[in-house]
Amino acid sequence: MLTFIVRRLIAAVGIMLASSLLVFVLAINAGDPLFDLRESNDPNRDTLIEQRVAMLNLDLPWYQRYFLWLRGVSGCVIGQCDLGQNRVGQEVTHVLGAAASSTLRLVVLATFIAIVVGIAIGILTAVRQYSGLDYTVSFLTFLFFSLPVFWAAVLLKEYLAIGYNNWMRDPSFSPLQVGVIAVIAGFLMQVILAGSLRRRAATFAVTTVFFAVALPVLVAIDAFRNPQLGWVGVAALTFAVAVLSTTMTVGLRAKQVLLPALISAALVSILQIALFNVFVYYMNWMIMLIGLIFAVVIPWGIGHFLGGRYRTIAIGVSITTSVIGAALTVIDHVLRNWSSFLGMKPRPIATIGSHTPNFSGNFWQVALDHGTQLMLPTLLLTLISLASYSRYTRTSMLEVNRQDYIRTARAKGAPERIVIFRHAFRNALIPITTIAAFDFASLIGGAVVTEQVFGWKGMGEMFATGIHLADPNPIMAFFLVTGLAAIIFNMLADIFYAVLDPRIRV
């Protein structure tokens, strides 16, 4: 594997050199960087032209300009990158840093949600092949995938931003709205849970009645403006995660897995009360990172020492329980600050920009500001990516389910959850790994249309501006990041193949 990695890295250098030369030649011939000055009536026009020519090295042959750029890029090896200046005299290195951080904030969350939800939907539709759920999900995923990005963005702005902000001034539901929501929820739940006609009817009735009662109660207690999970809610959900994770892996009879999971859930439930003041008064990103580390290390030790022959599974279930429980604690404190955030920003869901200018508040209020600005573009990218992950997962799971070792596992009497998650799912992940690697690498380049519509100053916006102004240095900076991302993630995908399937030798 080490030899493979070294070979790929050497090949990557050659690929980057050849492709960078091609992109550079195309970039410098994409337009006239002096066009605006040539058409100007400014009395200092000639001086301004000379300044820009000197700044962008326009008086040099193309190959000298390329080698100057290449020399600046080679400084990145020792931490001294020099990517030149853009047309207005800004260092491209600084512009790239701000754009990359903005884009990463957007695409990492969108890609993670799309992968998790898409894989879950793919598994569910594969298990329920040719059912009503399968046809419905297939229709919706392809519908979202086919929507023009700019049009879908306008719809999200209209209904999930402007409409929601108007509704938040006085959150309420009419009796007709309660009835429609309850019926739709009941229909969707019976489709998801399936079963006999009697079971479907019972599921529909229970779900419909629950929503018909819950919605007016939530309005009465003003839960939409003052939401929170509470200590009991976080604890109950964390223990539910522990039980559900154990059930999906080895079953509740495996005490070596269930006990570490329950202990991890109990620790989360205790610590969320013990550290309440830390969350309220002292929270920052460093404390958040330290908490995440402990949320992994402590349950790892619990699963390692109590897992017995199920040690690996116990560690995984314990860490999953702890991390999700910690996330629920964070969500609870975010919700607790929603009311005060509405007082500072009465129309919370923004339609443009990555943050509210001059916004100040405590840690949670600032996080809410960035989160609400992030919501619409993240949701849009997630809906577009969802179809790929769900369909590839479904197809891969159906292919794996036809294999002899799956039939053997079922013939031996293995529970269906073991067959699906321990035998089929792991092998079905190989093609999904390829899609995820290339998807994430491409999204790092920035969703150009999405960033333009939502005014997001990221990689896509930097690239589009560089093309529009015939400014080669931002274009080359964009290429440098996206090219390296494509090569690195492609290599990581190949390495991950061997982790998923030990039979693979690269």
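**Figure 1. The second largest pocket of this predicted model has a volume of about 1,600 Å³**. The pocket is lined by 35 residues. Of these, Ile119, Thr320, Phe421, Phe425 and Leu429 lie closest to its centre. By class, 27 of the lining residues are nonpolar. Six are polar, and two are charged.

**Figure 2. Several helices supply the lining of the second largest pocket**. Five helices each give at least two residues: α5 (92–127), α10 (230–249), α14 (311–336), α18 and α21 (472–500). Helix α18 makes the largest contribution, with 10 residues of the lining. This helix covers residues 416–444.

**Figure 3. Glu416 belongs to helix α18**. The helix runs over residues 416–444. Is Glu416 buried, exposed or partly exposed? Glu416 counts as partly exposed, because its relative accessibility is 38%. The view also takes in Met248. Along the sequence, Glu416 and Met248 are 168 residues apart. In space, their C-alpha atoms are 9.5 Å apart.

**Figure 4. Thr208 is a buried residue of helix α9**. Helix α9 spans residues 197–220. The relative accessible area of Thr208 is 15%. Buried means under 20%, so Thr208 falls in that class. Which backbone oxygen does the side chain of Thr208 reach? It is the backbone oxygen of Phe204, at 2.7 Å. Thr208 also touches Ala182, Val183 and Gly186, leaving aside residues up to four places away in sequence.

**Figure 5. Cys76 and Cys81 form a disulfide**. Their sulfur atoms are 1.9 Å apart. A disulfide needs the two sulfur atoms within 2.5 Å, so this pair qualifies. How many disulfides does the model have by this rule? The count comes to one. Both ends of the bridge can be described by their accessibility. Cys76 has a relative accessibility of 29%, so Cys76 counts as partly exposed. For Cys81 the relative accessibility is 36%, and Cys81 also counts as partly exposed. The partly exposed class lies between the buried limit of 20% and the exposed limit of 50%.

Note on methods: Residues are numbered from 1 along each chain as its sequence is written. This is a predicted model: local features need pLDDT of at least 70, side-chain atom pairs count only at pLDDT 80 or more; totals for chains, interfaces and linings use all residues. Side-chain values use heavy atoms; hydrogens and water are left out. Buried means under 20% relative accessible area, exposed over 50%, partly exposed in between (1.4 Å probe, protein chains only). Helices (H or I, at least four residues) and strands (E, at least two) are DSSP runs, numbered from the N terminus. A polar contact is a pair of N or O atoms within 3.5 Å; within protein, one must be able to donate a hydrogen and the other to accept it, and residues adjacent in sequence count only if both atoms are side-chain atoms. Contact means heavy atoms within 4.5 Å. On a 1 Å grid over the protein atoms alone, a cavity is a set of points where a 1.4 Å probe fits but cannot get out, and a pocket is an open set with protein on both sides within 12 Å along at least five of seven lines; lining residues have an atom within 4 Å of a point. Grid points are joined across faces, edges and corners, and a volume is the space filled by probe spheres set on the points. Ala, Val, Leu, Ile, Met, Phe, Trp, Tyr, Cys and Pro count as nonpolar, Asp, Glu, Lys and Arg as charged, and the others, Gly among them, as polar.
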